[in-house]
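Please find below a colleague's note on the model under review. The points are numbered so that each can be checked against the coordinates.

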Amino acid sequence: MSGIEGIDVLVSEVGPRDGLQSIKSIMPTEAKKAWIAAEAAAGVREIEVCSFVPAKLLPQMADAAEVVRYACTIPGLTVLALVPNFKGAENAIAAGAHKIALPLSASETHSRANLRKSHAEVLDDVRKIAELVRSLPADRRPGFEGNVSTAFGCTLEGPVAEDKVVELAAALMAAGCDEVGLSDTTGYANPAQLKRLIRLVRQEIGHDRLSGVHLHNTRGLGLANALAALEEGVTTLDSSLGGLGGCPYAPGASGNIVTEDLVFMLDAMGLKTGIDLDRLLAVREILKAALPAEEMYGFTPDAGLPKGYGAGGWGVGRAAA
Ligand code: ZN
């Protein structure tokens with residue numbers, strides 16, 4: 001159970017952050033707002049709306065504060081922002097983000113390339129951010145999640161030692177995070193590896209401190225990995241609408257797992273997501289109009305829903321519901 005009333009699995013949309021930061025086009029702020037509002041109206045309860053990085057590094061995220069402030073006006077929506085460092089966390093908190101997430105790359109080479117920081121330096125930032133969060137009045141304190149990224153392998157270093165991932169997850173908790181997520185940043189994960197690593201990390205930090213995974217579909221294993229995570233009792237799955245993002249090294253592969261396909265799988269299995277599939281599919285039109293040059297992915301949007309779907313009696317889960 002996801003901890004949210006009426007929902008078994010929390011689908012956390014990350015397209016406005018992970019998708020948009022991975023493509024060349026810059027989405028106009030108004031289109032971002034329309035996208036976020038439409039997904040929330042379709043029943044999506046959590047959206048990672050941006051990353052607080054300097055605009056000169058990532059012009060796609062120059063409007064981060066405005067997007068957070070807008071998203072926070074949508075009732076019932078948890079607004080998540082990625083923060084690469086202390087300054088980013090300050091800005092995200094000032095804008096009113098409900099949750100902040102900081103990535104710590106299991107591969108130190110990737111960490112230096114991505115954040116220009118060693119593990120020790122990132123953990124220093126985590127401690128400072130945790131202190132800042134604790135200094136706020138209780139009703140203004142955002143949730144603080146640490147993410148071990150490149151947890152399943154790295155494009156620069158290759159294999160990543162599982163012991164290292166466990167050690168870093170524990171270090172993030174010790175530095176003051178509320179919970180830890182595992183990210184398959186590079187699309188290297190397989191279901192057996194994912195299950196093993198979820199168990200190892202939970203043994204170290206506690207079962208309820210790891211509730212979510214962030215998966216990519218670079219090699220087509222995204223949904224298989226999502227199912228493996230579900231079988232381990234993971235209740236939050238990241239995905240992006242239209243699989244926005246892609247991968248420059250894998251033509252035809254989406255970026256994150258495709259929200260539409262993920263929701264179809266969960267829904268067809270009888271798991272409650274709170275999301276209306278027809279309304280979710282319609283949100284693609286906003287992306288198509290705002291990003292005409294970008295590829296969109298997903299099998300369910302192309303194939304359509306199965307005949308009679310949603311009319312009752314379709315699938316074991318639905319019949320029982
Ligand atoms: Zn990602």
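1. Basis of the note. The model is predicted: local features need pLDDT of at least 70, side-chain atom pairs count only at pLDDT 80 or more, and totals for chains, interfaces and linings use all residues. Residues are numbered from 1 along each chain as its sequence is written, and side-chain values use heavy atoms, with hydrogens and water left out.

2. Zinc site. The zinc ion has as protein donors Asp18 (OD), His214 (NE2) and His216 (NE2), at 2.0 to 2.1 Å. Donors are N, O and S atoms within 2.8 Å of the metal (3.2 Å for Na, K and Ca); water is not among the atoms, so sites may look incomplete. Along the chain the donors are spaced as D-x195-H-x1-H. Because Asp18 belongs to helix 1 (residues 15-21) and His216 to the loop between strand 7 and helix 9, this pair ties together parts that are 198 residues apart in sequence. Helices (H or I, at least four residues) and strands (E, at least two) are DSSP runs, numbered from the N terminus. Asp18 and His216 are both buried, where buried means under 20% relative accessible area, exposed over 50%, and partly exposed in between (1.4 Å probe, protein chains only).

3. Salt bridge at Asp18. Asp18 also pairs with Arg17 in a salt bridge, with 3.6 Å between the closest N and O atoms. The term denotes a side-chain nitrogen of Lys or Arg within 4 Å of a carboxyl oxygen of Asp or Glu. The relative accessible area is 6% for Asp18 and 7% for Arg17.

4. Other salt bridges. The structure holds 18 salt bridges. One of them joins Asp63 and Lys32 at 2.7 Å, N to O; Asp63 is in the loop between strand 2 (46-51) and helix 3 (64-71), and Lys32 is in helix 2 (residues 29-41), 31 residues apart. Both Asp63 and Lys32 are buried. A network of salt bridges links Glu46, Lys99, Glu145 and Glu179.

5. Strand 6. Ser183 is part of strand 6 (residues 179-183) and is buried, at 6% relative accessible area.

6. The buried residues of helix 9 are Gly222, Asn225, Ala226, Ala228, Ala229 and Leu230. They pack against helix 8 (191-205), strand 7 (212-214), strand 8 (236-239) and helix 10 (259-268). Gly233, which follows helix 9, has a positive phi, near 85°. Glu232 forms a salt bridge with Arg199, the closest N and O atoms being 2.7 Å apart. Glu232 is in the loop between helix 9 and strand 8 and Arg199 is in helix 8, so the pair ties together parts 33 residues apart in sequence. Glu232 counts as buried, at 12% relative accessibility, whereas Arg199 is partly exposed, at 47%.

7. Second largest pocket. Its volume is about 250 Å³. On a 1 Å grid over the protein atoms alone, a pocket is an open set of points where a 1.4 Å probe fits, with protein on both sides within 12 Å along at least five of seven lines; lining residues have an atom within 4 Å of a point. Grid points are joined across faces, edges and corners, and a volume is the space filled by probe spheres set on the points. Of the 14 lining residues, Asn217, Val258, Asp261, Gly298 and Phe299 are the closest to the centre of the pocket. Helix 9 (222-231) and helix 12 (299-303) are the elements that give two or more residues to the lining.

Notes
Contact means heavy atoms within 4.5 Å.
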